[in-house]
Amino acid sequence: MGDLPVVTWTIGSDIPPDIDGNTGKVLRIEPNGFLTFLSVPLNYTNNYTVEIIKSGVGTASTHFSLKVFEIIQDVNVSTQPAFAIEGTDRFTLQYSMHGVVEQQMWFFNDREINTNSHYSVEQRSLVILRPNRNDTGRYTVSLTNPFSNVTTHIDVTVLYGPDEPMLEVSPAKTFYISNDSLSLSCQADGFPRPTAEWVFGGQTLSDSHQGFLNLTDVRTGQGGLYTCMLLNEKTEAKRQKSMILNIYEKPTGYPVCSVQSVNNVDLQFHCRWSGGTPQARLSFPALSDTSSGEGNFSLTVAASDNLNGTTVTCTADHQVEQSNCHITTSRPMGFLPNVRTTVDSEGKIVVSIHCVSEASPKAVVSWSKGSEVVINGTTNQISDNTTQLMMRDYNVSVFLLKSYTCTCHNPLGSQRREIQLRGPSISDFGSFSNQNGTVVTLTWEVPPTSVITGFDIQMKGQDLLSRNHNGTRTEGSSSRYRTIQSKPGTARSADIFVLDPKSTYWFRVIPRALMTEGEPSDIRRIGPGEGLSGPAIAGIAAGIPCSLLFLLLLCGLIYLCYTKNKSRQTRYPMSRAVEKVVTTQPDVTPHNLLTGGLKLPPDYNRLQQTPSERSVSLPTFVPPLPVRVATTV
């Protein structure tokens, strides 16, 4: 036991052996010189040396080992630390027991473990270097000595995770549209299973469950960055991963194109497609292949002749839908000015002239009166869009002094029109009656540049019947025209009732500009047996004497010619019957030539004679058919 002698004795001597007091109870020298160990405790396991010394001979020695064993019992295996965590430096399995172990062996899932780069078998322990999830399993230790054999095991679970999260969206799309429904999932491997929750806009979404988040009827405001937060509750290890959810919304309506003038020199094209998430990308490829904008885009280019009548397309690109719009540029087209007359609250005549020419961009209108440029003032007012000129005055003649000129122009060209205003006048006048002849409708038109504030409807003839149809008449004179209705300047017709179907009426319309009257319209005669008009009768009366004079001259000429020819012929005897025919021939032939098959008009003087005064019977006379003179409107 080391270098210190524990017992010394002399063989064959009666002197008792010298035994160390600490080992006196264990060592005993037999008479034959043997060394006996009694009730050997565990600490006597050691290497021992026996030396024999004989004087004059020398020293001899030998060695032996003594191993003291105890029955192995109460074996217990534990770990340090309590949990094996993936990625840590080391994890130790160690055992405790009662007894003496001569040999220990470690096993992992029944495979023997030897010391290597991953395992280190040490005294009473097994060390796992940088454990991982594959080290999860059953570990067994086998302890043996010559007197006992004990095997025990322990199950080790290596905690790990969360691993890299796997994020999925169902249904899988690059983007989603408002009102779509979708679900997000977040899964990651780990032990124990990691808990997952979704975070959006800095707020944890409470409606997520086990890594699943359902979104229904999504809105654009729900698009953005979604983060999945994972936690291993045992190891308190955390991990997160984010994804961008794109939720788009189509812009409202469709793209709208327009063009406007810039200083009447350049053209500025506009393309607008409002709303949408994100905003649509807009461009005019035909004008520029490098310029574009979002939502509301403008592009200014110099005006040129080749843009007149050209259709320019705006291309609108959006993730949900692609669309386009078109705008055609053109110089001002030919136009007709429009004149309107009203009366303002002060009683002034207000003449409005509208000049609108179809053009793209919209034409700007400049005004002039004679050679002077018209500017805004008290008398003349130009509308904000320059298409209307308003003039005010009490006297209509003020408007008729000079002509007005409006010029419509844009960067592509111009059109010019001159307006000469006219006094109140009527261009066309007509009438028609109902089937019973009790109502007549008068219609009229006015020249487009005439200044008119109202119309007087005038009538001549029998008084109108009262509206209650009881046969009574309204008061009035039948021999002169009187005003029965007044119409505003915008009126173009008037209904007159109640007329007596058996009476005759004459109607006319007088245009007015306040107190200034224009020329009356034509006269329309309404009533039964309208016959010939006054001028027609006067024409016939003047034509009858002329016709008679012409006939007398023609008969005289024929008679002279006949008499001259007869005087040159030899006269032969003839019967009385023939002579009678010859003598009556001049009366017949001129008559046929004169009338041409028509009957002569009556002799009105002879018609006035009494039967006793007539020397001969009246000739048969058929008056001509009545002729109605009418003007077609």
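Reply: Happy to! Let's start with a term: a disulfide is a pair of cysteine sulfur atoms within 2.5 Å. This is a predicted model, in which local features need pLDDT of at least 70 and side-chain atom pairs count only at pLDDT 80 or more, while totals for chains, interfaces and linings use all residues. Residues are numbered from 1 along each chain as its sequence is written, and side-chain values use heavy atoms, with hydrogens and water left out.

Me: By this rule, what does the count of disulfides come to?

Reply: In general, a disulfide is a covalent bond between the sulfur atoms of two cysteines. With the distance rule applied to this model, the count comes to four.

Me: Which pattern do the disulfides of the protein chain follow?

Reply: Here the bonded cysteines are counted along the chain. Cysteine 408 is in no disulfide, and the nearest cysteine sulfur, that of cysteine 406, is 5.2 Å away. For the bonded ones, the pattern reads 1-2, 3-6, 4-5, 7-8.

Me: Is the disulfide of cysteine 186 and cysteine 228 left-handed or right-handed?

Reply: The sulfur atoms of cysteine 186 and cysteine 228 are joined at 1.8 Å. This pair links distant parts of the chain, 42 residues apart, with cysteine 186 in strand 19 (residues 182-187) and cysteine 228 in strand 23 (residues 224-231); strands (E, at least two residues) and helices (H or I, at least four) are DSSP runs numbered from the N terminus. The torsion about the S-S bond is about -85°, so the disulfide is left-handed.

Me: Are cysteine 186 and cysteine 228 buried or exposed?

Reply: Buried means under 20% relative accessible area, exposed means over 50%, and partly exposed lies in between (1.4 Å probe, protein chains only). Cysteine 186 has a relative accessible area of 2%, and cysteine 228 has 0%. Cysteine 186 is therefore buried, and cysteine 228 is likewise buried.

Me: What is the handedness of the disulfide of cysteine 257 and cysteine 325?

Reply: These two cysteines have their sulfur atoms 1.8 Å apart. Cysteine 257 sits in strand 26 (residues 256-262) and cysteine 325 in strand 32 (residues 322-328), so to speak distant parts of the chain, 68 residues apart. Cysteine 257 is buried at 14%, as is cysteine 325 at 7%. The torsion about the S-S bond is about 75°, so this disulfide is right-handed.

Me: Where in the chain is cysteine 355, the partner of cysteine 406?

Reply: The sulfur atoms of cysteine 355 and cysteine 406 are 2.1 Å apart, and with -80° about the S-S bond the link is left-handed. Cysteine 406 belongs to strand 39 (residues 404-410), 51 residues away from its partner. Cysteine 355 is buried at 0% relative accessible area and lies in the loop between strand 34 (349-354) and strand 35 (364-369).

Me: What is the order of the open sheet of four strands?

Reply: Two strands pair if DSSP finds at least two bridges between them. Strand 20 (residues 195-200) and strand 23 pair in the antiparallel sense over six bridges, and tryptophan 198 has cysteine 228 as its bridge partner in strand 23. The edge strands, each pairing on one side only, are strand 21 (203-204) and strand 24 (238-245). The order is 21-20-23-24.
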